Amino acid sequence: MALLCVSYQSSIKKMVLVASSQLQRVRGIHDSPFQLPSHTDGHRTSLLSGCKSGLQSCPSWVRAHSTKSSSLSITDVAEKIKEGFYRRILVMAGAGISTDSGIPDFRSPTSGLFSKLQDYSLPYPEAIFDLSYFLHEPSPFLRLSQELLPGRHRPNSAHYFLRLLHDKGILLRLYTQNIDGLERAAGIPAEKLVEAHGTFASSTCTMCLKEYPGETFSDAVTKSQVPRCSACGGLIKPDIVFFGEQLPARFFLHLTDFPRADLLLVMGTSLEVEPFASLVYAVRGSTPRVLINRDPVGPFLDNSDGLNVMELGEVTSGVKRLVHLLGWERELEELEKNTKNIDKTTEDLHP
Ligand SMILES: [Zn+2]
């Protein structure tokens, strides 16, 4: 699920610009609204122009682009993963990876969450994630949380595929816009995740900032109670990012993660929500990008450098095709079965 983070734009931009002098040096002309390091020709041109003593002294990815590359296919990508050529795979995931788990996208015109909030008596749909509105009137968000809390939905094959990447030691990091917790539920450890729009796994008092486990919030909500701080009586909010709040500090791992990636997988996102969307431009110019999505989006609308690969259609179908090409079908099946069995055992113990 994706939350709109427009209100972070100015502060994020400021922090990105200040945070990395290295990125400042390599930044060139490109189409990212946040001026993140770019995958575009303008970026490459600016670096090439700085190579005073010939290509040998330039970064390897600049040399890679000194010759025309032929277009990659999803089959090529699968082969290279199998061969161990890609060892640091970054993933950007959005609401599209969770729709097969029964979780609606926020913004789809007919099935999206925002289109179904009429009976919440909100002044406008987005108010449900507005911090000042929540502090004034928490009940709509608390009611919605009963639907969104982790445990109500199960991961699907897209989440388990990402878990498999982790198990094989080739997942550098998974950046997700979703707040459904299904990446964690699939067994991907927190240190491999950047939950860009926050998580229900922890919560915080909105008054004294005392930190609580996610269960403090979810237990109260499940009992239809308003979660209150034991220290000051303030309202407790899960650590998901509302309008008007900063992105989690972990989001800034992108400054070191993206230049290190040797493959970027973009799954189930419209790449419309900033600053998350601009991350797609932050990998090196030689790093292939694979889109598994219903429609072409962002830089995938143009493949002039032959490094953008698309697998279009339902996300889980695209994942299954990639899994088939990788020959990982049996492993994925086993993983899903074993994780479900663990869930079942837990349910039996805690009905
Ligand atoms: Zn408090």
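This is a predicted model: local features need pLDDT of at least 70, side-chain atom pairs count only at pLDDT 80 or more; totals for chains, interfaces and linings use all residues.
**Entry 1: Lys-168 and Glu-331**

Lys-168 forms a salt bridge with Glu-331, and their closest N and O atoms are 2.8 Å apart. I then checked where the two partners sit. Lys-168 is in the loop between helix 8 (157–167) and strand 2 (171–176), while Glu-331 is in helix 13 (residues 329–349). The pair links distant parts of the chain, 163 residues apart. Lys-168 is partly exposed, at 29% relative accessible area. Glu-331 is partly exposed too, at 36%.

**Entry 2: other salt bridges**

I searched the whole structure and found eight salt bridges. One of them joins Glu-245 and Lys-237, with the closest N and O atoms 3.1 Å apart. Is Lys-237 buried or exposed? Its relative accessible area is 5%, so Lys-237 counts as buried.

I also noted Lys-82 and Glu-79, whose side chains meet in a salt bridge at 3.4 Å, N to O. Both lie in helix 5, three residues apart, which is about one turn of the helix. Lys-82 is partly exposed at 44%, and Glu-79 is partly exposed at 34%.

**Entry 3: helix 5 against helix 12**

I stayed with helix 5 (residues 74–82) and looked at helix 12 (residues 315–326). Their axes come within 9 Å and cross at roughly 50°. The two helices are therefore oblique to each other. I noted the crossing of helix 5 and helix 12 as right-handed. Which residues make the contact? Helix 5 gives Ile-74, Thr-75, Ala-78, Ile-81 and Lys-82. Helix 12 gives Arg-321, Leu-322, Leu-325 and Leu-326. I sorted the residues of this contact into six nonpolar, one polar and two charged.

Notes: Residues are numbered from 1 along each chain as its sequence is written. Side-chain values use heavy atoms; hydrogens and water are left out. Axes are lines fitted to C-alpha atoms, for helices over the stretch in contact, and angles run from 0 to 180 degrees between N-to-C directions. Helices (H or I, at least four residues) and strands (E, at least two) are DSSP runs, numbered from the N terminus. Angles under 35 degrees count as roughly parallel, over 145 as roughly antiparallel, 65 to 115 as roughly perpendicular and the rest as oblique. A crossing is left-handed if the near helix is turned anticlockwise from the far one by less than a right angle, and right-handed if clockwise. Contact means heavy atoms within 4.5 Å. Ala, Val, Leu, Ile, Met, Phe, Trp, Tyr, Cys and Pro count as nonpolar, Asp, Glu, Lys and Arg as charged, and the others, Gly among them, as polar. A salt bridge is a side-chain nitrogen of Lys or Arg within 4 Å of a carboxyl oxygen of Asp or Glu. Buried means under 20% relative accessible area, exposed over 50%, partly exposed in between (1.4 Å probe, protein chains only).
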